[in-house]
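Colleague: I have a structure to go through and some terms to check. Please take me through the terms one by one.

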Amino acid sequence: MIAARGGSGEKVELYQGGNKKLETAAGGVCVCGGATIAGSISAQGYCSTLSGNTIIGTDALSQDLSGSCNVAIGYNAAVRGVSAVNTVAIGACALYNSYGGEGFNSAQTAIGACALLKNTTGRLNTAVGWIAMCDNTTG
């Protein structure tokens, strides 16, 4: 049985089998648990962090401390993008070790699993393909 709780002007909670599955919030909707979506997802204006980072994927850009304007898509993409700026990492572990540097415009592009994997402080590199430029560190 599915039950909904809430009232006029209040949040609404949706329960299944006594477990909360969905609730409304002032800023939108909270899904409590996993979600499976068949079809496409579209979002405009709300896909990025306050510092302009776009992150999709488990642990993508998870150790970012001060970087901005980065795109990390995929499992562990740009996971260590500590202060990287203007990087694009698409694929599992792409740009995994990219640290950038304070005020450092690293402008890296890595597309493909493990592309630029070991890159730490290199800049202006483009790597496309599986393990492309994997061992590059500072160039």
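Colleague: What do β3 and β4 form, and how many residues are between them?

Modeller: β3 and β4 form a hairpin, with 2 residues between them. The model is predicted, so local features need pLDDT of at least 70 and side-chain atom pairs 80 or more, while totals for chains, interfaces and linings use all residues. Residues are numbered from 1 along each chain as its sequence is written, and side-chain values use heavy atoms, without hydrogens and water.

Colleague: Why do β3 and β4 count as paired?

Modeller: Strands pair if DSSP finds at least two bridges between them. Strand β3 (residues 19-25) and strand β4 (residues 28-31) are joined by 4 bridges, so they pair, and they run antiparallel. Alanine 25 is opposite glycine 28 in β4.

Colleague: What makes a run a strand, and how many has the protein chain?

Modeller: A strand is a DSSP run of E with at least two residues, and a helix is a run of H or I with at least four, numbered from the N terminus. The protein chain has 9 strands and 0 helices.

Colleague: In what order do the strands of the open sheet stand?

Modeller: The order of the 5 strands is β5-β6-β7-β8-β9, with parallel pairing. β5 (54-56) and β9 (126-128) each have a single partner strand, so one side of each lacks a neighbour in the sheet. Between β5 and β6 (residues 71-73) there are 3 bridges, and isoleucine 55 stands opposite alanine 72 in β6.

Colleague: What share of the residues is buried?

Modeller: Of the 139 residues in the protein chain, 32% are buried, meaning under 20% relative accessible area with a 1.4 Å probe, protein chains only.

Note on methods
Buried < 20%, exposed > 50% of the residue type's maximum accessible area, 1.4 Å probe, protein only.
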